[in-house]
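Let's take a walk through this model together, going from the overall fold down to a single side chain. Keep the viewer open as you read.

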Amino acid sequence: MPEPAAERPVAGLAGALSGIAATVVALLRTRLELATVEFEEERERIQAMLVLIILATVFGCFALVALSALVVVWLWDRYPLAAIAGVAIFYALIAAGAVFGLKQRAQGRPFAATLSELERDAEALRRKP
């Protein structure tokens, strides 16, 4: 009984090329799966950051409005312009701090593990004769 074609070893150049192609496809599949996992993680991280930003903004605004009203009412009789200017400067400092914090959070390199693996793959391919 003849051996099925799928089980017979392929010899020669065609066999080597088919083996290389299979390896490349498997490598690309693994890298694509890693990129997909990292994409999902990045999406979840960004969603969590957005929820926290919205919560912080809303409740921070409530607190700042209440504090601003308190300061302005307290100092209105003696220093009305200084009270308003002080509150405005305070708001500007908070905004600058928030922008600085967001810049630091945004500096992370997305898909770092995938890019690292692809760089290692490229190095490995360059080293082979």
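What pattern does the protein chain follow when read along the sequence? The answer is α-α-α: this predicted model has 3 helices and 0 strands.

With the fold in mind, turn to how the chain is covered. Of its 129 residues, 9% count as buried. The protein chain exposes about 10,700 Å², and carbon and sulfur atoms supply 72% of that area. As for contacts with a separation of 6 or more, 64% of them come from residues 24 or more positions apart.

Now follow helix α1, which covers residues 12–75. How does its span agree with its residue count? The 64 residues of α1, at 1.5 Å a residue, should span 94 Å, and the end C-alpha atoms are 91 Å apart, so the two values agree.

Next, look at what α1 keeps under cover. Its buried residues are G15, R31, E38, M49, L64 and S68.

Why does E38 count as buried? Its relative accessibility is 12%, and buried means under 20%. Setting aside neighbours within four places in sequence, E38 is in contact with F111, A112, A113 and T114.

Technical notes. Residues are numbered from 1 along each chain as its sequence is written. This is a predicted model: local features need pLDDT of at least 70, side-chain atom pairs count only at pLDDT 80 or more; totals for chains, interfaces and linings use all residues. Side-chain values use heavy atoms; hydrogens and water are left out. Helices (H or I, at least four residues) and strands (E, at least two) are DSSP runs, numbered from the N terminus. Buried means under 20% relative accessible area, exposed over 50%, partly exposed in between (1.4 Å probe, protein chains only). Contact means heavy atoms within 4.5 Å. Accessible areas come from the Shrake-Rupley method with a 1.4 Å probe; for residues, only the protein chains shown count as cover. The expected span of a helix is 1.5 Å times one less than its number of residues.
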